[in-house]
Amino acid sequence: MNTYKIAVIPGDGTGPEVTAEAVKVLNAAEDKFGFKFEKTEYDLGGTRYLKTGETLSDETLEELRGYDSILLGAIGHPDIKPGILEKGVLLKARFGLDQYINLRPVKLFPGVETPIKGKGPKEIDYVVVRENTGGVYTGVGGNSQMGTANEVAVQSNVYTRFQVERCLRFAFDYARKYGKKARGAGEDNTLTLVGKTNVLTYVWGLWERAFNEIGDAEYPDIKRAYCHVDAACIYMIQCPEMFDIVVTGNMFGDIITDLGAITQGGLGIAAGGNINPEGVSMFEPIGGTAPSFTGLNQINPLAAILSGAMMIQTLGETEAAEAIENAVRWATANKLKSMAAAQMGYSTTEVGDMVAERIKN
Ligand code: IPM
Ligand code: MN
């Protein structure tokens, strides 16, 4: 029997509540599909920072390398200055574990309401491959003459050919394996590069050259498309069906996946994974800590549950991952009234229960 060592980081706010439901569902899958999790919980995040002053220490980061995967709830605290936990925990884990891909499906489940008129699950069904360790997130820059009228601030958008190439190869491979043709949902497997070649000519020139060179040489079977990020925001609303697999840089990927999340019913159902294909990956719902719902048993756990499905998919338990997705599909189609917290018609734990029960049957 396959055994997987999983680090569980419930985190702050509603993180622990949604993580508990993801774990409940994973436990149901492990019983049914015959594999085993060895879970170790880590207390990391804002609550702990306020008590101890510690974020993610180098020692803990080293320990995390020893797991097969990491399941994260959410990190953040209203009383902590923005940047401390983001840089100290989340980005430290992503960068430290070299999770250079952030995989974010934008998929409308049946029965889920989208704000886009006239579009349904068939049209809203694509995956964003966000580069996850470069760009403006590297923190290269600084301020001088801070606090004066002459203050200068620089935040550099840094990309190396190496970073761009490995991200593109992941995206091309992903398109070959999971694109619309591969899924029987279209004629082609298409990879769309989203950038800004008309203004950020250095960085996006590099991306575009690498995209075309690698595409021609190694992936002639994958159809290529390009759009500027501002136009992509229009298309994501006007004609989301044009997208299949999308690849983009860190900052643009951050922004467009929030837009994508709202088109798929909101943060309550938007899953994600920080992937290091050669190392340890970390799966997290893309929504945050939702402080106003903490402890109320009203938050939607489906994003966390689907992140758990992505985790076992990445571990190779494809059948179990599909079973979880199908159970979620059944719940959205037949049970939940809305994806929004407090409006689901069920509590957080009830939603976890119904998905877990569905898998067992
Ligand atoms: C996300 C978040 C993070 C990001 C923040 C919390 C650092 O917005 O996962 O999308 O910008 O990547
Ligand atoms: Mn974000």
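These notebook entries record what I looked up in a predicted model.

**Conventions.** I number residues from 1 along each chain as its sequence is written, and chains are lettered from A and ligands numbered from 1 in the order in which they are written. Since the model is predicted, local features need pLDDT of at least 70 and side-chain atom pairs count only at pLDDT 80 or more, while totals for chains, interfaces and linings use all residues.

**Entry 1: ligand 1.** I listed the residues around ligand 1 and found Glu 86, Leu 90, Leu 91, Asp 254 and Ile 286 (a residue is near a molecule if its C-beta atom, placed from the backbone, lies within 6 Å of it). Helix 4 (residues 84–96) gives the largest share of this shell, three residues; helices (H or I, at least four residues) and strands (E, at least two) are DSSP runs, numbered from the N terminus.

**Entry 2: helices 9 and 10.** I then took the axes of helix 9 (residues 302–314) and helix 10, which come within 7 Å and cross at roughly 160° (axes are lines fitted to C-alpha atoms, for helices over the stretch in contact, and angles run from 0 to 180 degrees between N-to-C directions). Helix 9 is therefore roughly antiparallel to helix 10 (angles under 35 degrees count as roughly parallel, over 145 as roughly antiparallel, 65 to 115 as roughly perpendicular and the rest as oblique).

**Entry 3: helices 10 and 11.** Helix 10 (residues 318–334) packs on helix 11 (residues 348–360) at an angle of about 125°, with the axes 9 Å apart. The two helices are therefore oblique to each other. Among the residues that meet are Ala 327 and Trp 330 in helix 10, and Met 354 and Arg 358 in helix 11. By class, this contact has 10 nonpolar, no polar and one charged residues.

**Entry 4: Ala 149.** I located Ala 149 in the loop between strand 6 (141–144) and strand 7 (152–155). Ala 149 is exposed, because 5 other C-beta atoms lie within 10 Å (buried means 20 or more other C-beta atoms within 10 Å of its own, exposed 12 or fewer, and partly exposed in between, with C-beta atoms placed from the backbone). From C-alpha to C-alpha, Ala 149 and Lys 119 are 49 Å apart in space and 30 residues apart in sequence.

Methods: Contact = placed C-beta atoms within 7 Å. Nonpolar A, V, L, I, M, F, W, Y, C, P; charged D, E, K, R; others polar.
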